[in-house]
Amino acid sequence: MSAHQPTPDEHVLTAHCPEAYGLVSAVASNLTGQGCDIFDVKHFSDRHDNEFFIRCHTISAPGTVTTESLVEGFRPVAEKHGMRFRLVEARRKTRVLVMVSKISHCLADLLHRAHVGSLPVEIVAVVSNHTDLRPLVDFYGVPFHHVPVTPDTKAQAEAELLRLVDAHDTELVVLARYMQILSDELTRSLAGRCINIHHSFLPSFKGAKPYHQAYERGVKMVGATAHYVTPDLDEGPIIAQDVIPVDHAHTPADLVSAGSDAEAQTLSRAVRWHAEGRVVISGNRTIVLA
């Protein structure tokens with residue numbers, strides 16, 4: 001008899017709805033009734049806004065359920081409770097398009113993590129307004145698209161970006177230090193599926209060389225914020241943040257290095273949580289079921 005055992009099927013359900021009595025039981029009963037074992041569950045009841053959030057990771061015997069059957073089987077619960085939900089295969093990789101300018105650390109981190117399988121994404125394309133990072137992208141065998149942007153060509157460039165998003169069946173756009181401000185129209189078209197990263201000094205130290213500005217002020221920590229992009233510049237729902245203590249001995253170059261580490265790690269964490277269905281947008285904040 002072969003020692004090889006068929007791999008169980010795994011799915012992830014993420015849902016939220018108005019708070020009500022018995023929601024955890026209703027969700028769990030439905031999934032177990034469809035033949036799923038609940039491997040992991042996280043839930044949260046927001047008493048302030050009267051909302052309920054849940055994420056269930058299920059395991060089932062090979063071939064006993066499909067994503068489609070689980071979705072259809074769960075609809076009665078969703079309709080009864082006014083629930084919005086997402087149910088997908090746990091092993092599926094989210095299709096990601098990365099946008100970048102000339103700074104490489106966030107892009108390099110994402111490419112490496114995707115390549116070695118430590119991030120559940122497939123980077124389907126990289127778009128840049130410069131060509132500096134093409135060799136890095138070519139090394140990983142990812143399609144590279146040069147879309148230059150000037151004040152006169154911004155509308156055409158954004159139209160080309162949307163064309164590439166559709167052409168690559170993109171599920172998530174990641175701004176990995178893309179140094180262009182997106183139009184309100186573009187951010188609205190990418191609502192809930194576009195993540196940006198920036199240093200956590202904002203609203204202080206805007207513009208060029210923020211870490212050098214921070215050095216002049218003697219900051220005691222540097223950090224990074226990853227958030228969903230909205231028309232309000234750098235004010236979208238926050239997904240992940242990190243801080244690193246620093247002191248007077250840190251040079252401006254040291255601050256840049258520490259900040260780059262924080263940015264890369266924070267962005268990859270936000271992308272992971274989004275890809276794993278752990279993030280739910282609630283107004284201008286997020287609930288992260290990690």
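Good morning. I begin with strand E4, which contributes the most to the lining of the second largest pocket, namely 4 residues. The structure under discussion is a predicted model.

E4 spans residues 84-89, and two further strands, E1 (9-18) and E12 (279-282), join it in each supplying at least two residues of that lining. The second largest pocket itself has a volume of about 390 Å³. Its lining comprises 17 residues, of which Thr-14, Arg-86, His-274, Val-279 and Val-280 are the closest to the centre of the pocket. Sorted by class, the lining holds 7 nonpolar, 6 polar and 4 charged residues.

I turn now to an annotated position. The UniProt record, an unreviewed entry, lists Asp-234 under "active site". In the model, Asp-234 sits in a loop, with strand E10 (221-228) on one side and strand E11 (238-245) on the other.

How accessible is Asp-234? Its relative accessible area is 30%. Since buried means under 20% and exposed means over 50%, this value of 30% makes Asp-234 partly exposed. Finally, the side chain of Asp-234 has a polar contact, at 3.4 Å, with the side chain of Asn-196.

Methods
Residues are numbered from 1 along each chain as its sequence is written. This is a predicted model: local features need pLDDT of at least 70, side-chain atom pairs count only at pLDDT 80 or more; totals for chains, interfaces and linings use all residues. Side-chain values use heavy atoms; hydrogens and water are left out. On a 1 Å grid over the protein atoms alone, a cavity is a set of points where a 1.4 Å probe fits but cannot get out, and a pocket is an open set with protein on both sides within 12 Å along at least five of seven lines; lining residues have an atom within 4 Å of a point. Grid points are joined across faces, edges and corners, and a volume is the space filled by probe spheres set on the points. Ala, Val, Leu, Ile, Met, Phe, Trp, Tyr, Cys and Pro count as nonpolar, Asp, Glu, Lys and Arg as charged, and the others, Gly among them, as polar. UniProt positions are given in the numbering used here, feature names are shortened, and annotations may be inferred rather than shown by experiment. Buried means under 20% relative accessible area, exposed over 50%, partly exposed in between (1.4 Å probe, protein chains only). A polar contact is a pair of N or O atoms within 3.5 Å; within protein, one must be able to donate a hydrogen and the other to accept it, and residues adjacent in sequence count only if both atoms are side-chain atoms.
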